[in-house]
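Reader: I would like to go through this model by way of single residues and elements, then the whole chain. Please give the cut-offs as you go.

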Amino acid sequence: MNVDAIDDEERTRLVSAGLTAAGIESRIVTLPDSAATAALAAEALGVTVGAIANSLVFLADDEPLLVMTSGAHRVDTAALADRIGVRRIRRASAEQVLIATGQRVGGVSPTGHPAPLRTIVDESLADFDQLWAAGGTPHAVFPLTFAELVRLTGGTVCSVEPAA
């Protein structure tokens with residue numbers, strides 16, 4: 001599949017299909033302005049930045065790793081590498097993100113990818129009754145619960161912050 005040739009409408013359709021396949025009854029909302037960052041998404045939705053489930057793509061020992069983290073947190077890659085048993089985690093390039101997810105940075109969703117990705121879900125996202133995640137483009141978002149996010153991604157729940 002040529003992921004570069006997929007348009008935004010198709011990206012959003014793939015995300016919607018992923019939600020349906022996971023049994024999640026959520027509707028993708030198209031925002032008039034970009035929600036490419038957690039701060040922009042939170043402002044547009046009128047929610048706290050912590051309730052934004054950021055989809056960040058890293059390379060863990062050169063394999064794609066999706067980290068779903070609270071918009072209020074930064075990922076401590078060294079601590080996370082220790083927790084999940086890999087030597088090194090580093091941020092993926094924009095091209096690597098597109099290849100792994102079929103989506104561009106700023107709109108990466110937890111679903112709708114060409115193939116399943118190993119996923120980590122930030123345990124702090126459980127503090128929110130409702131989360132918002134990207135819907136495959138910088139203008140598309142959808143609501144879901146923490147349990148739905150874990151089910152949707154098949155992710156491993158753990159802390160992404162530095163060890164105490």
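Reader: Leaving aside neighbours within four places in sequence, which residues is Thr153 in contact with?

Author: This is a predicted model, in which local features need pLDDT of at least 70, side-chain atom pairs count only at pLDDT 80 or more, and totals for chains, interfaces and linings use all residues. Residues are numbered from 1 along each chain as its sequence is written, and side-chain values use heavy atoms, with hydrogens and water left out. Contact means heavy atoms within 4.5 Å. With neighbours within four places in sequence set aside, the contacts of Thr153 are Met68, Pro110, Thr119 and Val121.

Reader: Is Thr153 buried or exposed?

Author: Buried means under 20% relative accessible area, exposed over 50%, and partly exposed in between (1.4 Å probe, protein chains only). The relative accessibility of Thr153 is 12%, so Thr153 counts as buried.

Reader: Which backbone nitrogen does the side chain of Thr153 reach?

Author: A polar contact is a pair of N or O atoms within 3.5 Å; within protein, one must be able to donate a hydrogen and the other to accept it, and residues adjacent in sequence count only if both atoms are side-chain atoms. A polar atom of the Thr153 side chain lies 2.9 Å from the backbone oxygen of Leu149. At 3.0 Å, the side chain of Thr153 also reaches the backbone nitrogen of Gly155.

Reader: Which residue caps the N-terminal end of α3?

Author: Helices (H or I, at least four residues) and strands (E, at least two) are DSSP runs, numbered from the N terminus. Helix α3 covers residues 77-84. A side-chain oxygen lies 3.2 Å from the backbone nitrogen of Ala78, and the residue that caps this end is Asp76.

Reader: Which strands do the buried residues of α3 pack against?

Author: The buried residues in α3 are Ala79, Leu80, Ala81 and Ile84. They pack against β3 (63-70), β4 (89-91), β5 (118-122) and β8 (156-158).

Reader: What is the radius of gyration of the protein chain?

Author: The protein chain has 5 helices and 8 strands. The radius is taken over C-alpha atoms, and the globule rule is 2.2 Å times the number of residues to the power 0.38. For 164 residues the rule gives 15 Å, and the chain comes close to this, so it is as compact as a globular protein of that length, with a radius of gyration of 14 Å.

Reader: What percentage of the contacts with a separation of 6 or more joins residues 24 or more positions apart?

Author: Of the 164 residues in the protein chain, 49% are buried. Among contacts with a separation of 6 or more, the part from residues 24 or more positions apart is 65%.
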